[in-house]
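Colleague: I'm new to this one, could you walk me through it?
Modeller: Gladly, have a look at it here before we start.

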Number of protein chains: 2
Amino acid sequence: MNIIISNSSNIPIYEQIKEQIKSKIISNELKAGEMLPSIRSLAKDLRISVITTKNAYEGLEKEGYVETIAAKGTYVANKNVEIIREEQLQKVENLIDTAVSIAKISKISKEEMQSMLDILYGEEK
Amino acid sequence: MNIIISNSSNIPIYEQIKEQIKSKIISNELKAGEMLPSIRSLAKDLRISVITTKNAYEGLEKEGYVETIAAKGTYVANKNVEIIREEQLQKVENLIDTAVSIAKISKISKEEMQSMLDILYGEEK
DNA sequence: ATAACTGTATATACTGTATATACACAAAAA
DNA sequence: TTTTTGTGTATATACAGTATATACAGTTAT
């Protein structure tokens, strides 16, 4: 399981794991019904405690991305694709909104932001 | 001092205060040399502890936005305008970068993001 | 049965955020 | 000059979030 964590980050480890797995589910790299690595194996892999991986999985379950069955494992849930897309759109919009607020205070123009977007997104159509 | 804090936010109170004062300094609503409200009066105003306002001011000092003189007060520092602008540009770029990452995973197009930017920034030139 | 795998629960520790309250210095008022 | 009132500072304390090790309990294949 390709997951990268940073201990020095101010973002908690369980949160880092949660977000990365969420990304894999949304991008369909992890498909519905598929089993996630066990909390133990993932913990060993990342050299952290089982409690931390459990914490991450609990968060995913609370948000409806996975379902866990005691003594069996944790599996990717069937989640409404449209709802996920809406959630992601909302996230992107919030980030841009924050960026715009900062930009306006600092007199950073819309053109400058558009240019950043172009560069960061790439020139793909 | 127009500062709004939310206790229910996951962002610490001292951080909320810090960011809002920083904004006022950057937008020149608070001018170099001007005295900030005392940690006591601000604490009373916001109905929080002096320690929390002190914590906020300490953060601002560490970042070079203010200078504090014991028993006298805390004052807006002279900070290099170009450096501040660079910092803000960096912040905006990081936010857009995060937004782009999420967008790509969720197959949100550049056009959708451009449209968000247009709407959120407004139609001003 | 047993071995090897799942997730769960308990007890513990550390760090960040926040508090009340007592302290020390500066400046203005009496 | 003495007192009062205004600054920021330091100490002791509490609570919540994050993380840990370790013991527990159920499932599956041998």
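**Contacts between the chains**

Colleague: How many residues of chain A are in contact with chain B?
Modeller: There are 27 residues of chain A in contact with 27 residues of chain B, where contact means that the C-beta atoms, placed from the backbone, lie within 7 Å. This is a predicted model, in which local features need pLDDT of at least 70 and side-chain atom pairs count only at pLDDT 80 or more, while totals for chains, interfaces and linings use all residues. Residues are numbered from 1 along each chain as its sequence is written, and chains are lettered from A and ligands numbered from 1 in the order in which they are written.

Colleague: Switching to chain B, how do α1(B) and α3(B) pack?
Modeller: Their axes, which are lines fitted to C-alpha atoms over the stretch in contact, with angles running from 0 to 180 degrees between N-to-C directions, lie 8 Å apart at an angle of about 50°. The two helices α1(B) and α3(B) are therefore oblique to each other, since angles under 35 degrees count as roughly parallel, over 145 as roughly antiparallel, 65 to 115 as roughly perpendicular and the rest as oblique.

Colleague: Which residues of α1(B) make that contact?
Modeller: Among them are B:Ile13, B:Tyr14 and B:Ile17, and they meet residues of α3(B) including B:Thr52 and B:Leu60.

Colleague: What about the domains of chain A?
Modeller: An automatic or database domain assignment divides chain A into domain 1 (13-76) and domain 2 (81-121), and their C-alpha centres lie 29 Å apart.

Notes. Two residues are in contact if their C-beta atoms, placed from the backbone, lie within 7 Å. Helices (H or I, at least four residues) and strands (E, at least two) are DSSP runs, numbered from the N terminus.
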